[in-house]
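Welcome! Take a look at it first, and then read on.

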Amino acid sequence: MNKDNFMKKLLVFLLCLFLAIPLFGCQTSSNTQFSNNAFQIQLVVGKTGVKQSFAFPSNADYFAEQGASEDETSEYLAELVRQVRLQIWNVMFLNYFAIYSQSPNNNYVIGGDYVTMTEADYNSATDCVEFSIIFKSYGAWNYYHPSSSDEEEQQEDDNLFLNEDVSQSTFIFSQQVNNQTLGEKYYNIVNSVVQQYFNDELDGLEAPEFRYDYVTYHKRVHSNADVKYYDGMYHHVWQQDYQALSEEKIVEIRTVNAERGWWYVVALCSALGVAGIGAGIIFIVSKTKKSSKKKV
């Protein structure tokens, strides 16, 4: 091999390596491990709709390892599901219903074609009590979560090729609800049931974490998330310990768009109704689609 050929191959290799670096440096593996003892709100932003899920740790597996019988565990889980439904699911449903009542739209009635709310129930795979609210169109999501100028901060400059949109909000579990954080409110509901059944087994249980998982199919979304990973969709995850819920933690999502023909408006963690139940949001709107509709 002569010197010229060697140098050409070396340059090609270095160029490929340079181009590949961002692919390895931007995201964490989908094998990322998280604590099972965690309260989680997940927002999955799809191409046509939004799914908002809530998970409350039961630690039933831990209590079973400590010697709890099947009957004790079953009774405990039944009561935990009941309390989550009474104190969280019902309140959230009533808040959404209040929004609907102010301006009724049969297209977006809860339980209709575009908005569904699953029942609170125990999921043995995650060892959590869970439920979801599914908005099958962006119109349905926007109907219940109208954006405001306080939630959005768009930054634009004179660059003809770059457009940057930024959204900032307080970490959802740190938002205040009746003089306590949302995380403390949820923790107290779960912990009261735990103490009723397994007060003597609490010493060895790890402290809970609080997690907000923002999931999007779009790779141009950037954030200040604590953990980022890709499993077919892009996850941006913020976490906080229970003891740190009162500390300031800012959630920031940023989109940088190379073409002005496409733009995105992002709004995160807006409080919902009097109860202050938080919600995450991303609106993905295309000027191209809007203009095509006008032409029809």
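Two strands are said to pair if DSSP finds at least two bridges between them. Please keep in mind that this is a predicted model.

**Partners of strand 5**
- Strand 2, covering residues 50–57, pairs with strand 5 in the antiparallel sense over eight bridges. Here Lys 51 has Ile 134 of strand 5 as its bridge partner.
- Strand 3, made of residues 115–117, also pairs with strand 5 in the antiparallel sense, over three bridges. In this pairing, Thr 116 stands opposite Ile 134.
- Strand 4, residues 121–123, runs antiparallel to strand 5 and is joined to it by three bridges. Tyr 122 stands opposite Val 129 of strand 5.
- Strand 4 and strand 5 form a hairpin with four residues between the strands, and Asp 127 in this hairpin takes a positive phi near 60°.

**The largest nonpolar core**
- This core has 54 residues, and those touching the most other members are Phe 56, Met 92, Phe 131, Phe 173 and Tyr 186.
- Helix 3, residues 70–102, gives the most to this core, contributing ten residues.
- Apart from its neighbours within four places in sequence, Phe 56 is in contact with several residues, including Cys 128, Val 129 and Phe 131. Also among the contacts of Phe 56 are Phe 39, Val 84, Ile 88 and Tyr 186.

Key:
Residues are numbered from 1 along each chain as its sequence is written. This is a predicted model: local features need pLDDT of at least 70, side-chain atom pairs count only at pLDDT 80 or more; totals for chains, interfaces and linings use all residues. Side-chain values use heavy atoms; hydrogens and water are left out. Helices (H or I, at least four residues) and strands (E, at least two) are DSSP runs, numbered from the N terminus. A nonpolar core is a set of buried Ala, Val, Leu, Ile, Met, Phe, Trp, Tyr and Cys residues joined through side-chain atoms within 4.5 Å. Buried means under 20% relative accessible area, exposed over 50%, partly exposed in between (1.4 Å probe, protein chains only). Contact means heavy atoms within 4.5 Å.
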